[in-house]
Amino acid sequence: MVTVGHPLVFAVGILGNILSFLVTLAPVPTFYRVYKKKSTESFQSVPYVVALLSAMLWLYYALLSTDVLLLSINAIACVVESVYLAIYLVYAPKDAMVFTMKLLCIMNMGLFGAMVAFLQFSVEGQRRVSIAGGIGAAFALAVFVAPLAIIRQVIRTKSVEFMPFWLSFFLTISAVAWFFYGLLLKDLFVAMPNVLGLLFGLAQMGLYFVYRNPKKNGAVSEMQVVAQAAADAEKEQQQAHQQAHVAATLDADGEVRTSADDGANKDDVVVDIMPPLPLPAERAPPLALAPPAVIIPQPRTVEVV
């Protein structure tokens, strides 16, 4: 299946190569930021590991089917994705680096190596090409499902902040080019996955035009949502912490001194206890009377003349 001899197919394939190359270069600003900050921050390596595996599968299929244009773009994609992962491994923290290395060993070396070994030694002829194309198409369908997370995020936040228009545009046009390329070659393994890619691309562009005006749609930035949630959680935690550490103590002067925790409020609130009011006269208890005085007569002395 050498496509150089078919002018129309070759032109469509060249267009697909150019568009796919532009899509492959989309993460360049991200990794330039990683290089400048010397940190991967919160970026994940899984999308790049999956993209590398997809390029490897299609590269193997292109070798079996002798498709020059499919071979060229996937060879470039393998190199570019490998550079991305190398930069990631250099600046990633230890846990992320170990996880990425395990993922590469399991998926890109283990699974891919086992598949190639099985097809090379157990399957022959056109059947080998069909199985390799079927595996590549199935994996491409799984990769095309990834935009569902972006679409959900756009609908939830009503913002296209994390869905650049040009990336969605080039993904859509690339899917169109590769669909017609596979259709002209009568290669359903290339054409069919790009139908799903075209549908998701059109959905992303439609959402972009719906939510492109953030003020009109009441869009909320993802960073604003996270910051507001963190602020609310911190405020609730401070209130609960303050209420839990409020204690009342009674001092020697008959005053109740309520002291809050030192981190919440260092001023003490002093509450005076008023003496009890006197009871009314009719309800006052009777006064205790002193016992009556006892007069003891003195004996008289009678003088005898």
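**Group meeting: salt bridges, rings and cores**

Two salt bridges are counted in this model. The term means a side-chain nitrogen of Lys or Arg within 4 Å of a carboxyl oxygen of Asp or Glu. A quick note before the details: the model is predicted, so local features need pLDDT of at least 70, side-chain atom pairs count only at pLDDT 80 or more, and totals for chains, interfaces and linings use all residues. Residues are numbered from 1 along each chain as its sequence is written, and side-chain values use heavy atoms, with hydrogens and water left out.

Back to the bridges. Which residues form the network? Arg33, Lys37 and Glu41 are linked by salt bridges. Glu41 meets Arg33 at 3.0 Å, N to O. Glu41 also bridges to Lys37, with the closest N and O atoms 3.2 Å apart.

Are these residues buried or exposed? Buried means under 20% relative accessible area, exposed means over 50%, and partly exposed is in between, with a 1.4 Å probe and protein chains only. Glu41 is partly exposed at 36%. Arg33 is partly exposed at 40%. Lys37 is partly exposed at 47%.

Now the rings. Rings of Phe, Tyr and Trp (its six-membered ring) pair if their centres lie within 6.5 Å; planes under 30 degrees apart are stacked, over 60 edge-to-face, and the rest tilted. The count here is ten aromatic pairs. Take Tyr35 and Tyr91. Their centres are 6.4 Å apart and their planes at 75°, so this pair is edge-to-face. Tyr35 is in helix H2 (residues 28-37) and Tyr91 in helix H4, so the pair ties together parts 56 residues apart in sequence. Helices here are DSSP runs (H or I, at least four residues), strands are too (E, at least two), and both are numbered from the N terminus.

Tyr35 is partly exposed, at 44%. Next, Tyr48 and Tyr84: the centres are 6.1 Å apart and the planes at 70°, so that pair is edge-to-face. Tyr48 sits in helix H3 and Tyr84 in helix H4, so the pair ties together parts 36 residues apart in sequence. Tyr48 is buried at 15%. Tyr84 is buried at 5%. Ring pairs also link Phe31, Tyr48 and Tyr84 into a cluster.

The charged end of Lys38 sits over the ring of Tyr35, 4.1 Å from its centre. The rule: NZ of Lys or CZ of Arg within 6 Å of the ring centre and within 35 degrees of the ring normal.

On to the cores. A nonpolar core is a set of buried Ala, Val, Leu, Ile, Met, Phe, Trp, Tyr and Cys residues joined through side-chain atoms within 4.5 Å. The largest has 43 residues, and Tyr60, Tyr61, Leu70, Phe112, Met115, Tyr181 and Val190 touch the most other members. Helices H1, H3, H4, H5, H6 and H8 each give two or more residues to this core. Which helix gives the largest share? H3 does, with twelve residues.

Look at Val190. Val190 touches Trp58, Tyr61, Leu70, Trp178, Tyr181 and Gly182, leaving out residues up to four places away in sequence. Contact means heavy atoms within 4.5 Å.

Last, the record. An unreviewed UniProt entry annotates several stretches as "transmembrane region", among them 103-123 and 190-211. Such positions follow the numbering used here, feature names are shortened, and annotations may be inferred rather than shown by experiment. Residues 103-123 are 95% helix and 0% strand, with end C-alpha atoms 27 Å apart. Residues 190-211 are 100% helix and 0% strand, with end C-alpha atoms 32 Å apart.
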